[in-house]
Amino acid sequence: MRQESYDFIVIGAGSAGSVVAARLSEDPNVQVLLLEAGGRDRHPFYHLPAGFAKMTKGIGSWGWDTVPQKHMKNKVFRYTQAKVIGGGSAINAQIYTRGHAQDYDDWRQMGCEGWSYEDVLPYFRRAEDNDTYEDRYHGKGGPLGVSQPIAPLPICEAYFDAAGALGIPRNHDINGAKQEGVCYYQLTQRNARRSSAAMAYIAPNEHRQNLNVRTGAQVRRITVEQGRATGVEMMDGTRITARAEVILSSGAIGSPRLLQLSGIGPADELAALGIRPVYDQPDVGANLQDHLDLYCISELSGPYSYDRYAKPWWAAIAGLQYIFTRKGPVASSLFETGGFWYANPDARNPDIQFHLGLGTGIEHGVAAMPNGGVTLNSCYLRPRSRGSVRLQSADPAKAPLIDPNYLADPQDRAMSIRGLKLTQEIMAQGPLRKYVLAERLPGPDVKTDEDCFNFISQHSKTSHHCAGTCRMGADAQAVVDIRLRFNGIEGLRVVDNSIMPNVISSNTNAAAIMIGEKAADLIRQDHSIQVPA
């Protein structure tokens, strides 16, 4: 069998892996192999902003579920994990938020020197090609398209006014000097098309002779010899050697899963499954964090949302409008309005995030209103609950055991319920009465905390913000060090949201791209790789 060898093997062409592969291959003397288990992003839904409505329902996903959530009456959640080039950035709602500056300062205070807000801000700016801002907080000319929404509806302005009636101000740049307030989110789009990490970083550079991109290429395990990662073994048995490093960028679920399949993780558990332990690290797959999404659905008194475009005739009209004007429903991410506020008035920073969905039934398992409506989501941003990712079998074809352990901490339950009640209050304010016929879910009869808990145990979903399962730190228990090198195995680095010590206070895709940008610099420094001017 033909032997292959590269300087760097990057496993996972998602938001972080695409960045790392593209940046390392800027030096023509460095040979990079990028492996993606999923397929190409050829389907139009990956590129049309409104294609997000199809994504949580199965397109480009592994199709995994969580284990029953014991603190939520054993509810099982669909847990969409991308299986396509571009990863989460190819299937998400394109919302560009970075979290609060304090999130990164907290990482530094936890021992992660070099990861404060001032440390990471240059990498956010380097990635950006912002169509509106160029200042201390934002950059132009980077690979990633970041744009203002071009298809908002009048009900969005009424939502801003409704929030204002409760004392929540308008904020025109929630990635700038302050996070508080309601806003139009900026989106990872360019020219009314999705700007995924694959389109931003890989597509323009795939002609490079030193960058080999393979899709449909699932890794069976990382090979380790004498304490050093030497390469990968593919599902067909082919082995590929990494002369410098193996870089694991398979996400907060995929990275700990592959490490455990490779014998790297809690040794007793792996041995019980018939996997030969290679390195005992109990914290691989521990510390899983996610934002639990709750929703308030209102039926509207007229065609004020995009729901009617779910019907074939209207969908055809929307398609023509997009083709000729690059506007209308197809140009909308459907969740381009939202903001940040407080469930706990004593919180030092906003602890609730809103997403206003310009329709109903947009995501898997969420009810649709026959006559049209809108969905106001809320999520508590700083959960104390911690879950895990474990294997159920040594068979790589089997889904992992994903346990976000939602609402295990009473604080998470209390603050989540406050956030839900706040969405109900916003939707009941005067400026929205022109549009809203009635609240349908939870409904006006759901008032007490117990009522709310019973509701969310039936009606809730993931925010798709999982993180923390290969925790970065300066302590002996950390999975990776502050340069993202795996503690205990040479030549192995983890670069994705699994390295977050704490999940950030917002959507996580922008942070994943930042992690990829910073990691590329760390790797180039460690290997004396030439940085292009």
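Lysine 73 is exposed in this predicted model, with a relative accessible area of 54%, where exposed means over 50% relative accessible area, buried means under 20%, and partly exposed covers what lies in between (1.4 Å probe, protein chains only). Lysine 73 sits in the loop between α2 (52-55) and α3 (101-109), and its phi is positive, about 55°, although the residue is not a glycine. The helices named here (H or I, at least four residues) and the strands (E, at least two) are DSSP runs, numbered from the N terminus.

Residue numbers start from 1 along each chain as its sequence is written, and side-chain values rest on heavy atoms, with hydrogens and water left out. Since the model is predicted, local features need pLDDT of at least 70 and side-chain atom pairs count only at pLDDT 80 or more, whereas totals for chains, interfaces and linings use all residues.

Histidine 464 also has a positive phi, near 65°, in a residue other than glycine. Histidine 464 lies in the loop between β22 (461-462) and β23 (492-494) and, at 29% relative accessibility, counts as partly exposed. That loop between β22 and β23 holds alanine 474 too, which is exposed at 61% relative accessibility. From the C-alpha of alanine 474 to that of glutamine 226 the separation is 24 Å in space, and the two residues are 248 apart in sequence.

The accessibilities of the residues treated one by one are set out below.

| Residue | Relative accessible area | Class |
|---|---|---|
| Lysine 73 | 54% | exposed |
| Histidine 464 | 29% | partly exposed |
| Alanine 474 | 61% | exposed |
| Glycine 181 | 0% | buried |
| Isoleucine 253 | 0% | buried |

**Chain as a whole**

The chain contains 12 helices and 23 strands. Its radius of gyration is 22 Å, close to the 24 Å that the globule rule gives for 533 residues, so the chain is as compact as a globular protein of that length; the radius is taken over C-alpha atoms, and the rule is 2.2 Å times the number of residues to the power 0.38. Along the principal axes, the C-alpha atoms fill a box of roughly 70 × 50 × 45 Å.

Of the 533 residues, 63% are buried. Where contact means heavy atoms within 4.5 Å, 71% of the contacts between residues at least 6 apart in sequence join residues at least 24 apart. The chain exposes about 19600 Å², of which carbon and sulfur atoms supply 49%; these areas come from the Shrake-Rupley method with a 1.4 Å probe, and for residues only the protein chains shown count as cover.

**Helix α7 and isoleucine 253**

Helix α7 (residues 251-261) is mostly covered, with 11 of its 11 residues buried. Among these buried residues are Arg257 and Gln260, together with Ile253, Leu258, Leu259 and Leu261. Glycine 263, with a positive phi near 85°, follows the helix.

Isoleucine 253 belongs to α7 and is buried at 0% relative accessibility. Leaving aside residues up to four places away in sequence, isoleucine 253 touches Trp64, Tyr79, Gln81, Leu288, Val389, Pro400, Ile402 and Cys466. Isoleucine 264 is 11 residues from isoleucine 253 in sequence, and their C-alpha atoms are 15 Å apart in space.

In helix α11 (residues 449-456), the buried residues include Cys452, Phe453, Phe455 and Ile456. They cover an arc of only 160° around the axis, which puts them on the same side of α11, the arc being that of the directions from the helix axis to the C-beta atoms. The cover over these buried residues includes β15 (292-300), α10 (410-427) and β21 (436-441).

Proline 442 lies in the loop between β21 and α11. The peptide bond that joins leucine 441 and proline 442 is cis, with omega about 0°.

**Glycine 181 in strand β5**

Glycine 181 lies in strand β5 (residues 181-184) and is buried, with a relative accessible area of 0%. The C-alpha atoms of glycine 181 and proline 169 are separated by 4.9 Å, while the two residues are 12 apart along the chain. Not counting residues up to four places away in sequence, glycine 181 touches Ile168, Pro169, Asn171 and Ile174, as well as Gly338, Gly339, Phe340 and Trp341.
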